[in-house]
Amino acid sequence: MSTGEEMPMALSLYTVTVPLFQQILGTMLHLLDKAEAHCAQTGVAPETIIEARLAPDMLPFSYQVKSTVVHSLGAIDGVKAGIFRPDDSTPPDSFPALRERVEGALAQLAALTPAEIDALEGGDMRFAFGEAHVDFLAENFLLSFSFPNFLFHATTAYDILRAQGVAVGKRDFLGRLAKKR
């Protein structure tokens, strides 16, 4: 049945969040591998990369990697709980510990079902920071707050590595694409 009109593509909350979180968290693992190999090849101390910043008033590489987990799995956990608070915990201080954090998030994301995530749509969600808060619908929180933050921190981690001389390029950032099978 063709009417000549294109039908809009239906996207679910799961489809527009979890696979993209997995793709870029996979990128984080790849970037950690590249950074660690760079240190081994050049003699740069791992702490130099882990503590590197783009500017003095920005947070270090380790915080950027940690924040990709916070704004992916942590955001979904926040939506499930109905509240998300900034994570002020100290970031991991080694490549293995950062890798473990990202791998743990990937494992937990892989266990989520589309039905579980799609059921969150329309739910009330609060971003609370100190005494202040912003109220959202679950999908708006994920798509307009956490996803941009997730990409910001992933991009900043990539940029820090570039600034430190690690040989990474755009393909390293894109990660595993969702190609037609």
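In the predicted model, the axes of α3 and helix α5 (residues 95-110) approach within 9 Å and cross at roughly 15°. Since angles under 35 degrees count as roughly parallel, α3 is therefore roughly parallel to α5. The crossing formed by α3 and α5 is left-handed. On the α3 side, the contact is made by F61, S62, V65, K66 and V69, which meet F95, L98, R101, V102 and A105 of α5. By residue class, the contact of α3 with α5 comprises 7 nonpolar, 1 polar and 2 charged residues.

Helix α3 (residues 61-70) also packs with helix α1 (residues 18-42), at an angle of about 155° and with the axes 10 Å apart. Angles over 145 degrees count as roughly antiparallel, and α1 and α3 are therefore roughly antiparallel to each other. A left-handed crossing describes the passage of α1 by α3. The residues involved are L25, M28 and L32 in α1, which meet F61, V65, T68 and V69 in α3. The contact of α1 with α3 contains 6 nonpolar residues and 1 polar residue, with no charged residues. The spacing of contact residues may be read against helix geometry: an α-helix has 3.6 residues a turn, so residues three or four places apart point the same way.

A further packing partner of α3 is α7, the two helices being set at an angle of about 150° with their axes 8 Å apart. This angle makes α3 roughly antiparallel to α7. As α3 passes α7, the crossing is left-handed. From α3, the residues F61, Y63, Q64, V65, S67 and T68 take part, and they meet F150, F152, H153, A154, T156, A157, I160 and L161 in α7. This contact of α3 with α7 divides into 9 nonpolar and 5 polar residues, and no charged residues are present.

After α7 comes G165, whose phi is positive, near 90°.

These helices belong to a protein chain with 8 helices and 3 strands. Along the sequence, the elements of the protein chain follow the pattern α-α-α-α-β-α-α-β-β-α-α. Taken along the principal axes, the C-alpha atoms of the protein chain fill a box of roughly 60 × 50 × 30 Å.

Key
Residues are numbered from 1 along each chain as its sequence is written. This is a predicted model: local features need pLDDT of at least 70, side-chain atom pairs count only at pLDDT 80 or more; totals for chains, interfaces and linings use all residues. Side-chain values use heavy atoms; hydrogens and water are left out. Helices (H or I, at least four residues) and strands (E, at least two) are DSSP runs, numbered from the N terminus. Axes are lines fitted to C-alpha atoms, for helices over the stretch in contact, and angles run from 0 to 180 degrees between N-to-C directions. Angles under 35 degrees count as roughly parallel, over 145 as roughly antiparallel, 65 to 115 as roughly perpendicular and the rest as oblique. A crossing is left-handed if the near helix is turned anticlockwise from the far one by less than a right angle, and right-handed if clockwise. Contact means heavy atoms within 4.5 Å. Ala, Val, Leu, Ile, Met, Phe, Trp, Tyr, Cys and Pro count as nonpolar, Asp, Glu, Lys and Arg as charged, and the others, Gly among them, as polar.
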